[in-house]
Amino acid sequence: TDEQMQELAEHVGLDKAHVEKRIAGLHELNPMLGHRGCRLGIAYPEITEMQARAILEAAAELTNEGVTVFPEIMIPLVSTVSEFTDQEAIVRAVAEKVLKETGASFNFMVGTMIELPRACLTADEIAKHAEFFSFGTNDLTQTTFGFSRDDIGTFLPDYLERNILPGDPFQSLDVKGVGKLVSMAVKLGRGVKANLKIGLCGEHGGDPASIQFCKENDLDYVSCSPFRVPVARLAAAQAEL
């Protein structure tokens, strides 16, 4: 809003016109494939530093209060191993400073979101450095199909009516396509690290059929939105039977 831009301008000591120009310059035609995730942290390392410090200082505070914590910090939207190692180095440098400043001692892991096809295809390279994988299947579905999750509603009814698709691929995992990439990445990743922790997060984490797929591919956990948790727990229990 105009009020927020004015407040920001005053806070950073610039005029409102400068802030408006900067905001306009950040506009993207396709933001889902644009300047976000690890790309933002590479362009602006201070963002990664700030977020890592927030996580690690909170963990240090709890540790010093006698609470056992084990942060797992995920680098998002990685497509190359160099993107991961760039951001991992920042996180570990911040961690070293925080542990020294607070006197706390706790373990943590740095892993990555696997949500792009290229990350699946090169999961063995990424696994040499990442301590865990978490499949972001919402984005992985978008980038595998080339569907926009926000716009699929304009044509999905026609696809379902004409049996082009068996269902909404954002609600139940597309096992033949997206699932094949997940299976490949699991095999490649654990071929490098046999005990690599691997999970799945997103709406698929609350879908019974998708949870069965996760069980069959030896994933360690699923994560989903709160209202899906009861269904996810029941489906996970049934998958174990």
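This is a predicted model: local features need pLDDT of at least 70, side-chain atom pairs count only at pLDDT 80 or more; totals for chains, interfaces and linings use all residues.

Biologist: Into which domains is the protein chain divided?

Modeller: Domain bounds come from an automatic or database domain assignment. Here the assignment gives domain 1 (1-34) and domain 2 (45-239). Taken over C-alpha atoms, the centres of domain 1 and domain 2 are separated by 31 Å.

Biologist: Is Gln-87 buried or exposed?

Modeller: Buried means under 20% relative accessible area, exposed means over 50%, and partly exposed lies in between (1.4 Å probe, protein chains only). Gln-87 has a relative accessible area of 2%, so this residue is buried. Its place is in helix H5 (residues 81-102); helices (H or I, at least four residues) and strands (E, at least two) are DSSP runs, numbered from the N terminus.

Biologist: Which residues does Gln-87 touch?

Modeller: Contact means heavy atoms within 4.5 Å. Not counting residues up to four places away in sequence, Gln-87 touches Cys-38, Gly-41, Ile-42, Thr-48 and Ile-75. Gly-41 is 46 residues from Gln-87 along the chain, and their C-alpha atoms are separated by 7.1 Å.

Biologist: With which side chains does Gln-87 make polar contacts?

Modeller: A polar contact is a pair of N or O atoms within 3.5 Å; within protein, one must be able to donate a hydrogen and the other to accept it, and residues adjacent in sequence count only if both atoms are side-chain atoms. The side chain of Gln-87 makes such a contact with that of Thr-48, at 2.4 Å. Another, of 2.9 Å, joins the side chains of Gln-87 and Asp-86.

Biologist: How many salt bridges does the structure hold?

Modeller: A salt bridge is a side-chain nitrogen of Lys or Arg within 4 Å of a carboxyl oxygen of Asp or Glu. The structure holds 11 of them. One of these joins the side chains of Glu-57 and Arg-53 (2.7 Å, N to O).

Biologist: Where do Glu-57 and Arg-53 lie?

Modeller: An α-helix has 3.6 residues a turn, so residues three or four places apart point the same way. Both Glu-57 and Arg-53 lie in helix H4 (residues 45-64), four residues apart, about one turn of the helix. Glu-57 is partly exposed at 36% relative accessibility, and Arg-53 is partly exposed at 25%.

Biologist: Which distant parts of the chain does the salt bridge of Glu-72 and Lys-197 link?

Modeller: The side chains of Glu-72 and Lys-197 meet at 2.7 Å, N to O. This pair links strand S1 (residues 72-75), which holds Glu-72, to strand S4 (residues 197-201), which holds Lys-197; the two residues are 125 residues apart. In a further salt bridge, the side chains of Arg-92 and Glu-131 meet at 2.9 Å, N to O. Arg-92 lies in helix H5 and Glu-131 in the loop between helix H7 (123-127) and strand S3 (132-136), so the pair ties together parts that are 39 residues apart in sequence. Salt bridges that share partners also join Asp-2, Lys-16 and Glu-20 into one network.

Biologist: How many residues of S3 are buried, and which way do they point?

Modeller: Five of the five residues of S3 are buried. Phe-132, Ser-134 and Gly-136 point one way from S3, and Phe-133 and Phe-135 point the other way.

Biologist: With which strands does S3 pair?

Modeller: Two strands pair if DSSP finds at least two bridges between them. Strand S2 (residues 109-114) and S3 pair in the parallel sense over three bridges, and Met-113 stands opposite Ser-134 in S3. S3 and S4 also run parallel, joined by five bridges; there, Gly-136 stands opposite Cys-201 in S4.

Biologist: Which residues of helix H11 are buried, and what covers them?

Modeller: In H11 (residues 208-216), Ser-210, Ile-211, Phe-213 and Cys-214 are buried. They cover an arc of only 155° around the axis, which puts them on the same side of H11; the arc is that of the directions from the helix axis to the C-beta atoms. What covers these buried residues includes helix H10 (178-192), S4, strand S5 (221-223) and helix H12 (229-240).

How values were computed: Residues are numbered from 1 along each chain as its sequence is written. Side-chain values use heavy atoms; hydrogens and water are left out.
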